[in-house]
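Please look over the sequence and the model first.

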Amino acid sequence: MIILNGKETAKIITDEIAELVKKRKKEGKKIPHLAAILVGNDGGSITYINNKLKACEACGFESTLMRFDDSVKESIILNKIQTLNEDDNVDGFIVQLPLPKHIDETKVILSIDPIKDVDGFHPMNIGKMTLNLPSFVSATPSGIIELIRRYKIDTKGKNCVIIGRSNIVGMPLSILLSQNKEFGNCTVTLTHSQTKNLKEVCKTADILIAALGQPLFVTKDMIKEGAVVIDVGITRVEDKTKVNGWRLVGDVDFSSVAELTSAITPVPGGVGPMTIASLMMNTLKAMDLKEQ
Ligand code: NAD
């Protein structure tokens, strides 16, 4: 069994990007600039944003964080998005989700210029991705494909079962992995909360991807021997032995499942760092597109 080390792989990608950026700087060219909008004080969102800003620094990118109070009006966020759409110095930007209930997430996503939509959430990007046209692919699915690519995992003709059909993880992954391209060509089953006989379906998987947000949901009896298991879940669970009182747990019961697999991602240190590395790759791409 091999551990699919997302942390190590993400570091390699970051170093590759940093090298490119250094070269651009030397040549007097613009360096990529990622901006982020954060609304409120949710602990998880603050951690995610901080990790993204740290990654920008490691890549040599410029970054700008714009923070707003929980009670901010929707119109203020929409105006800020418009400003970022028009700001030539900003190559790409993200609005950290979730947003407070009084702000319409769909409206927010639709107001982002698709050429700066480095999270790949805009319908224009999702549509292009679906048709296998050049687009921004949302960071978690593209990070998983990149991990598969870097570890040269054979996907052709494999049965892939994905648990969870969200617009940011399961749904795009099901499309990418079924497309006719390298590190695609899987026969994909996209399962969800209404799926019957989930255990039996999972047992058919050569590649099992868990993205449902239920800690330790995937157990040994759901795994086909030799399967590749990718754990997207990240949930904070109480842990009094930790200084902060919590720890991160994945959707897969790693301790019992790992021995049955041929390859598996850990949590933390698996998909999470790859998601951030993908966002950096998308930002670099946004700058390239602007220069074309
Ligand atoms: P979501 O809540 O939007 O979607 C969850 C999906 O799981 C839904 O489609 C639902 O139908 C399905 N589901 C829920 N319970 C189920 C069950 N018992 N059986 C089968 N399907 C079930 O979640 P999301 O935004 O896709 O996130 C999923 C998990 O991945 C969360 O833990 C989240 O924190 C994590 N996540 C991690 C990263 C990362 O970078 N590692 C990025 C995004 C999300």
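## The open sheet

Strand 2 (residues 33–39) and strand 3 run parallel and are joined by 7 bridges. Strands here are DSSP runs of E with at least two residues, helices are runs of H or I with at least four residues, and both are numbered from the N terminus. Two strands count as paired if DSSP finds at least two bridges between them.

The open sheet holds 3 strands in the order 3-2-4, with parallel pairing. Strand 3 (62–68) and strand 4 (92–95) are at its edges; each has a single partner strand, so one side of each has no neighbour in the sheet.

## Basis of the model

This is a predicted model, in which local features need pLDDT of at least 70 and side-chain atom pairs count only at pLDDT 80 or more, while totals for chains, interfaces and linings use all residues. Residues are numbered from 1 along each chain as its sequence is written, and side-chain values use heavy atoms, leaving out hydrogens and water.

## Domains

Domain 1 covers 26–113 and domain 2 covers 139–272, with bounds that come from an automatic or database domain assignment. Their C-alpha centres are 28 Å apart.

## Salt bridges

The count is 16 salt bridges, each defined as a side-chain nitrogen of Lys or Arg within 4 Å of a carboxyl oxygen of Asp or Glu. In one of them, the closest N and O atoms of Lys 290 and Asp 91 are 2.9 Å apart. This pair links distant parts of the chain, 199 residues apart: Lys 290 is in helix 10 (residues 271–291), and Asp 91 is in the loop between helix 3 (74–86) and strand 4. Lys 290 is partly exposed at 32% relative accessible area, whereas Asp 91 is buried at 0%. Buried means under 20%, exposed over 50%, and partly exposed in between, using a 1.4 Å probe and protein chains only.

Arg 149 also forms a salt bridge, with Glu 146, at 2.9 Å between the closest N and O atoms. The two are 3 residues apart in helix 6 (residues 139–150), about one helical turn.

## Cysteines

How many disulfides are there? The count is 0, a disulfide being a pair of cysteine sulfur atoms within 2.5 Å. For Cys 56, the nearest cysteine sulfur belongs to Cys 59 and is 6.9 Å away. The sulfur of Cys 186 is 4.9 Å from that of Cys 160, its closest, which is too far for a bond. Cys 56 is buried, with a relative accessible area of 0%, and Cys 186 is buried at 6%.
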